[in-house]
Amino acid sequence: MTSTTATATPMVRLRDVSKVYEGRSGTVRAVDGVSLDIARGEVFGIIGYSGAGKSTLVRLINALESPTGGEVVVDGTTLTGLPERGLRPARAGIGFIFQQFNLLRSRTVAGNVAYPLKVAGWPKAKRLARVAELLEFVGLSDKARQYPDQLSGGQKQRVGIARALATSPALLLADEATSALDPETTRDVLDLLRRINLELGVTIVVITHEMSVVSYLCHRVAVMEHGKVVEAGDVYDVFARPQREVTRRFVGTALHDRPSPDVVARLRRRHPGRIVTVAVREDETTGGVPVTALLRQHGVDGTVVFGGITEVGSRPLGSLTYELVGADADVDAVVAELARRTEVVLHDEGPTAGTGGGAHEGVTA
Amino acid sequence: MNSGGVSLWPELLESLGQTLQMVVVTLLVGGFAGLLLGLALYTTRQGNLFANRPVNAVLNVLVNIVRPIPFIIFITGILPLTIAVTGASYGTNAVIFPMTIMATFGTSRIVEQNLVALDPGVVEAARAMGAGPLRIIATVVVPEALGPLILGYTFLFVAIVDMSAMAGAVAGGGLGDFAIVYGYQRFNYVATWTAVAVIVVVVQIAQLVGNLLARRVLRR
Ligand SMILES: Nc1ncnc2c1ncn2[C@@H]1O[C@H](COP(=O)(O)OP(=O)(O)O)[C@@H](O)[C@H]1O
Ligand SMILES: [Mg+2]
């Protein structure tokens, strides 16, 4: 397709973007040659550990920082090279929500939501109507005259979201928006963000260090490490088949589904059979893995001894660890069948198997 | 309270009027100039709205040079300038000039300290909403720090009353002058301590009003 309509251009286009800080302790490449396209209407996650450069990247997108290299284009406007005055309208057209909410303590809830409208020069009557509408949308109409200090964390973030949406931006940036909230409140805020995406069609960029946030909310994800995007793509693909160690660590710590070497050692003490971890995935290529049928077919007993499965983008992802007991040849056959269908990890040194050596030996389908 | 059979109350009242005049004018003019200088110190800091290392360094040095000068020496030192500006070397008006300058530099540090304590996140949020730096100063920085600033200005008021007593003693006028002329020089301890009592009352009232205002702004 060679369409040139607005919908064909990405909402955010980053081309080889870098940000270098010259500090007393030397040079920091906070963002290092990042190229990304974020499509209109999608929820895009950027995940990485602390110091990976996520905040810097998102501050480059809304021009709070200017890049030391590369080009930033938002909604068709090239921000790179614009003077400070030219950047202000661009910033006003991008919503931003913060981990620490950053509400004005000297203003009421309504006053906070009205602030960006004042900056944008809205007349008072229009402002009041818009504030009422926004507070209704985030479910805080009854708190309009309260001050931020009187609100809970989740309520504060709702005010932050209402404020960010005030000028009807097409793009919303959320930098660790739920990291200061408890799990239940986090879920509420994520649901609100999802509603904003679905009902208002707002493109959302979610910065986080929690895989659960990305799994729940995002369509696509970029994994950042040392200022670089090391892996990017469809959320399920990236998490189901991580190519990089960082990504594997995110999946591992979120799911806790794979037994660590000492867990394997403990399992082995109690389970004399062969211990095998079977990945549970549901992508286009494979359906579910018919473990029970395979076991029955080969006359092998299987006991689930460890595991974890979660939902990523509404599809299950995780693994189960089995103890397989049966004749050597039959167990071999089951393992081979499983390995044809999904990823299987053999935790060898069972009483019969003799591949030996390390605790993990991956056999990938 | 008498001196040689003559009541000193009219003199005391007049002195109080002079003191209040010195203090109020200094507080308004010096307080406002100090607010501007304090804002300049704050906004030119590294990473701030008008980050500018050389300007910040110059302002800092200037403030650090002027502030430690003992006020009584400062008054005499800038007397030629005072005469040039106010046309007088003596009296309430002449004294207000050095007081205002000293108050400006003193206030600037109080203002700067209170603004530095401000959460930079709110400034960041206002920037992200497309607000320009002057608007951010007027609608975010000052209102968000208003409670501590009021307490800072209350502290300043007391310092100015102190200054006014010293100034009065050197260049005439006010309760300080009264205490010296009618108290110290005539061995009249009643006059001295009456002046002190009046000053204490003025300071107490100022502190009360400051605390009240600050509490209202901070809503606690
Ligand atoms: N203003 C700055 N000056 C110097 N170094 C900075 C600045 N901002 C961020 N950095 C550095 O850049 C790196 C990335 O920081 P950041 O983008 O905040 O990471 P993240 O949000 O992923 O935790 C860190 O090493 C951080 O110390
Ligand atoms: Mg960060």
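What percentage of the 365 residues in chain A is made up of buried residues? Buried residues account for 49% of them, where buried means under 20% relative accessible area, exposed over 50%, and partly exposed in between, computed with a 1.4 Å probe and the protein chains only. This is a predicted model, in which local features need pLDDT of at least 70 and side-chain atom pairs count only at pLDDT 80 or more, whereas totals for chains, interfaces and linings use all residues. Residues are numbered from 1 along each chain as its sequence is written, chains are lettered from A and ligands numbered from 1 in the order in which they are written, and side-chain values use heavy atoms, with hydrogens and water left out.

**Chain A overall**

- Chain A contains 12 helices and 15 strands; helices (H or I, at least four residues) and strands (E, at least two) are DSSP runs numbered from the N terminus.
- Taken along the principal axes, the C-alpha atoms of chain A fill a box of roughly 80 × 50 × 45 Å.
- The accessible surface of chain A is about 16800 Å², and 50% of that belongs to carbon and sulfur atoms; accessible areas come from the Shrake-Rupley method with a 1.4 Å probe, and for residues only the protein chains shown count as cover.
- Of the contacts in chain A between residues at least 6 apart in sequence, 68% join residues at least 24 apart, a contact being heavy atoms within 4.5 Å.

- A backbone N or O atom lies 2.6 Å from a ligand oxygen in the case of Gly51(A) and 3.0 Å in the case of Gly53(A), while a polar side-chain atom of Thr56(A) lies 2.5 Å from an oxygen atom of ligand 1.
- Ligand 1 taken alone exposes 560 Å², of which the protein buries 58%.

**Helix 10 of chain A**

- Helix 10 (residues 261-270) of chain A has Val263(A), Val264(A) and Leu267(A) as its buried residues.
- Seen down the helix axis, these buried residues fall within an arc of 100 degrees, so they line one face of helix 10 of chain A; the arc is that of the directions from the helix axis to the C-beta atoms.
- An α-helix has 3.6 residues a turn, so residues three or four places apart point the same way.
- The buried residues of helix 10 pack against strand 11 (274-280), strand 12 (301-312) and strand 14 (344-347) of chain A.
- The exposed residues Pro261(A) and Arg269(A) sit on the face of helix 10 turned away from its buried side.

**Thr68(A)**

- Thr68(A) is located in the loop between helix 1 and strand 4 (69-74) of chain A.
- Not counting residues up to four places away in sequence, Thr68(A) touches Ser18(A), Lys19(A) and Val20(A), and its side chain reaches the backbone nitrogen of Val20(A) at 2.9 Å.

**Chain B**

- Chain B has 10 helices and two strands, and 48% of its 220 residues count as buried.
- Along its principal axes, the C-alpha trace of chain B spans about 70 × 45 × 25 Å.
- Chain B exposes about 10800 Å², with carbon and sulfur atoms supplying 69% of it.
- Helix 6 (residues 120-128) of chain B is mostly covered, seven of its nine residues being buried.
- Asp119(B) caps the N-terminal end of helix 6, with a side-chain oxygen 2.8 Å from the backbone nitrogen of Gly121(B); the helix is followed by Gly130(B), whose phi is positive, near 90 degrees.
- Ser164(B) lies in helix 8 (residues 146-171) of chain B and counts as buried at 2% relative accessibility.
- A polar side-chain atom of Ser164(B) lies 2.7 Å from the backbone oxygen of Val161(B).

Notes
A polar contact is a pair of N or O atoms within 3.5 Å; within protein, one must be able to donate a hydrogen and the other to accept it, and residues adjacent in sequence count only if both atoms are side-chain atoms.
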